Structure formats: structure tokens, C-alpha cells
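Thank you all for making the time this morning.

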Amino acid sequence: MNKFKGGIQIPERKHTKNIPIEEMPLPQQAVVPLSQHTGLPAKPVVKTGDFVKTGQLIAEATAFISATLHSPVSGKITAIESRLHPCGYNFDSIIIESDNKDETVEFKGKNPDKLFPNEIVEIIKNAGIVGLGGAAFPTHVKLSPPKEKKIDSVILNGCECEPYLTCDYRVMLEETEKVFSGFNLVMKILNTENGYIAIEDNKPEAIEKMNVIVKEMKQHPNPALPAKLKIVKLKTKYPQGAEKQLIKAVLKREVPSSGLPMDVGCIVHNVQTAKAIHQAIYEGQPLYERIITVDGNVKRPGNLKVRIGTPLSQVLDYCGGFTDDVKKIIAGGPMMGITQFSLDVPVVKGMSGIVALTEKESKHYEPTNCIRCGKCIDVCPTGLVPTLISRLVEKKRYEELKNYNPLDCIECGCCAYECPAKIHLVQNIKLAKVMIQK
């Protein structure tokens, strides 16, 4: 079985893997931040007092690397003002009071066989689709590589290696055909024959469902579908779902320092992103909802279809509230997610889950002196020397940092997880990134 260097084995805690996706009720008030993607914030095309329908464009992209926004509910725009974002900062947001009618704009799907690749990309751009694995990079940008970057392979990322999270797994089981269809569209756009569906070996049911579709496709060949499609079963290991590590494990190609997957002829897309692409093309539906996992110490954990802009407080109330002395709420998984200090923040496009941990589960450790065991180096999947970077930051020797490539850090947290001295390695590397970019 192929693998990447480094990484760790962590308890899975996939408690919700057998719980089907459930649709949450509409939020009474939706808070839609203008910045919930990589790149420049979107610009509102509505004003306070306007009435909007579900799926209506409410903010347009302002640059190539930006994304449009669509109303998640029908109702009245009551304000466009600064609100707290899950990233911890305030951003301008469009506030919509729902009329509970969920009246949608007219969605018009299209036949992709009658579209050129650039026309499909334009629909994806107008639908506001971004990477739903967490990075929220605008999908139309990923699908528009420079001409000199020849793409020969596309990987569908179904790894979901974070503990607790099972939303991608449920989507693979319950929306298999849509995921597969979106993946095919990506291959058509990039005009590549080599497609890989990468899933960790702790998800045998998802592997089997994908295998059934691939076998059917091979029994009934279609010239419009990829000729070389392969299911790749990967060893369960964190962070298997990170782009560069996934490419290494599947294709044995090394993305260079400061490089992108397209530098080695590859593009990676998350399974929920593929499903969103299918819905945009075939159904005409823009991105205004997503599937998330809610787990940890909540009374009714599960996988929910949630409208973008729904406050975390409403999601947690729907799940019955907390079961224990919850000390920490994390947006995303516990390894790479962001701790929240307010439940007023909304679900955004890149949020894959909400995890509630008790004080015991989120214990804070005081760092001690480095014992030079080298464990952080052994587990770093990008080949960095975390303890050295951390030491340079603590001693404020910022000029030397660039010699140790901290910008390559994917902030997976493996180093801090393994460090016996409990040194704040990830925090210090994040600071190193800031100091280098100043």
C-alpha cells in the first residue's frame, strides 16, 4: 500500500459513521460573511431592506481568486455589517431574516455534453463553489491551470482523516452517483484520462460503493467517461487527506517546496466539492448549503445538511445541546479546526464539523524544555524541523527562519501531538509564517 513519509496514528472516534444525513430546519437569521473562501472578499449586490429568494446571488466575486455568495434562505436583508467569523476575526456579513418560506429562484440545469469545458467552469464559478474539504479555495481557479501546466491525473479525495468527522463518508455512501458525476465533470474539464478515487481503508463500505459504480462503467463503456479510473485504498493515517501527502501516496510524486499540485500534473478535489459541481451543472443549484458532522459531548450527534450562515448555537440546540461539562468548541476537526469563543458565529462553506470537548479531553499542557528526541521531525509529513523553527521564533531570530521553510507547514498538528515536552510547535510555526511574510 502506497504511503507518505511521516504522519501519525490517532484514535478515530468516528461515532457518527452509521448516522444518515439529516436536513436541519432553516435558520431564523442567516449570517453570510463576505469572506469565506481563499482570496478577496465578495462584494454585496443587495442592500438593506431588499427581499431575496433562496439561491439568489447576494455578493459577487471581486477578483479571479474570489467566490460569489448566494442567499441560503428567502427573506429580508436586515443589515450588512461586521460580524464575528469562525476564523476569530470580524468580517462584513450580510444578515438575512428568514420568512420561513424557502422560496427559491428558478434553478436551470444543463447538459454538460453540450457545453465546452470553459462553459462548465463558468457555471461552477457563478455557483460560488469552493473546496469543501476545509481550505475553501475557489474551485474555478483550480480548474483553470495555466496552459504550461499539463494535468494528467485527478484525485478524488475521500480520505477524511480527522477524528470525529464522518460527513464526507456519509456523502460517499448516500450521494455516490452525484459525487462520481461531479468527478467525471472535473476530468472532462481538465481533459485527463487518469482518475483516482482515494479512500482510507477504515471506510470499506464507501470503497465498495465506488467499486460498484466503476465496474458498471467498465461493463458499459462510455466514450465521454474517463478510460483509466482506479479506486485507491489507502492505509488509515493522519494527515492522509492533505493534498501533497495524498499525491505522494497515490502517485508517488513530490510537490516541490512552495509548489502546487499542478506543478506535478495533478489536481485534487474533495468528495463534497464534486457533489456540489454535479448540482451546479445538472440541477443549476448554487452552493448555499453543505453537510457537516456534529459530535463530541452533544446529546444527539449526527451528520447534518445545514444552510450556510446558520449560527453554531442553532446547530447545537438542534442536536439537543451539551451532555457534559463542555470546555471547548471546535469548528472543524480537533487536529486542524479552530477553537470558537462564541456560538454566534455561522457555519461557512469551509466548515466540515463542530466538535464539543470537555475539559479533560481538551487538557491544556504547560510546555517544558525540549529533550531533543526528534519525534516532531519523524512525524512531520512535509519534512520540516519543527523544534528548530519553534526555537528560532522564541529567540526572535526571524532572519534565519526562511532557511527552514516554515511556509511549507500545513499546520496538521502532528508535531505538537507527538511532542513529549508539549511545546507549542504549531503556534510558533504559524508565527514564523507571519514573520517571514512581513
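Predicted model: local features only at pLDDT ≥ 70, side-chain atom pairs only at ≥ 80, totals over all residues.

Let me begin with the crossing of H3 and H5, which is left-handed, a label used if the near helix is turned anticlockwise from the far one by less than a right angle. Helix H3 covers residues 167-174, and it packs against H5 at an angle of about 35°, with the two axes 9 Å apart; axes here are lines fitted to C-alpha atoms, for helices over the stretch in contact, and angles run from 0 to 180 degrees between N-to-C directions. The contact, meaning heavy atoms within 4.5 Å, is made by Tyr-169, Met-172 and Leu-173 on the H3 side and by Glu-205, Ala-206, Lys-209 and Met-210 on the H5 side. By class these residues divide into five nonpolar, no polar and two charged, where Ala, Val, Leu, Ile, Met, Phe, Trp, Tyr, Cys and Pro count as nonpolar, Asp, Glu, Lys and Arg as charged, and the others, Gly among them, as polar.

Residues are numbered from 1 along each chain as its sequence is written, and side-chain values use heavy atoms, with hydrogens and water left out. Helices (H or I, at least four residues) and strands (E, at least two) are DSSP runs, numbered from the N terminus.

Where does H5 lie? Helix H5, residues 204-219, lies across strands S9 (153-157), S10 and S11, and runs at about 165° to S11. These strands belong to an open sheet of four, in the order S11-S10-S9-S12, with parallel pairing; two strands pair if DSSP finds at least two bridges between them. Strands S11 (228-234) and S12 (266-270) stand at the edges with a single partner strand each, so one side of each is left without a neighbour in the sheet. Neighbouring strands of this sheet are turned by 20° against each other on average, direction ignored. Between S10 (residues 194-200) and S11 there are seven bridges in the parallel sense, and Glu-200 has Leu-234 as its bridge partner in S11. Helix H6, residues 243-251, lies across S9, S10, S11 and S12, at about 115° to S9. In the loop between S11 and H6 we find Pro-239, which is joined to Tyr-238 by a cis peptide bond with omega of about 0°.

A second open sheet, also of four strands, has the order S2-S8-S7-S4 and antiparallel pairing. Its edges are S2 (29-33) and S4 (51-52), each with a single partner strand, so one side of each is left without a neighbour in the sheet. Two bridges join S4 to S7 (residues 75-84), and Phe-51 stands opposite Lys-76 in S7.

One backbone detail deserves a careful look: Asn-100, in the loop between S8 (90-98) and H1 (117-126), has a positive phi of about 65° although it is not a glycine.

Those are the points I wanted to raise, and I am happy to return to any of them.
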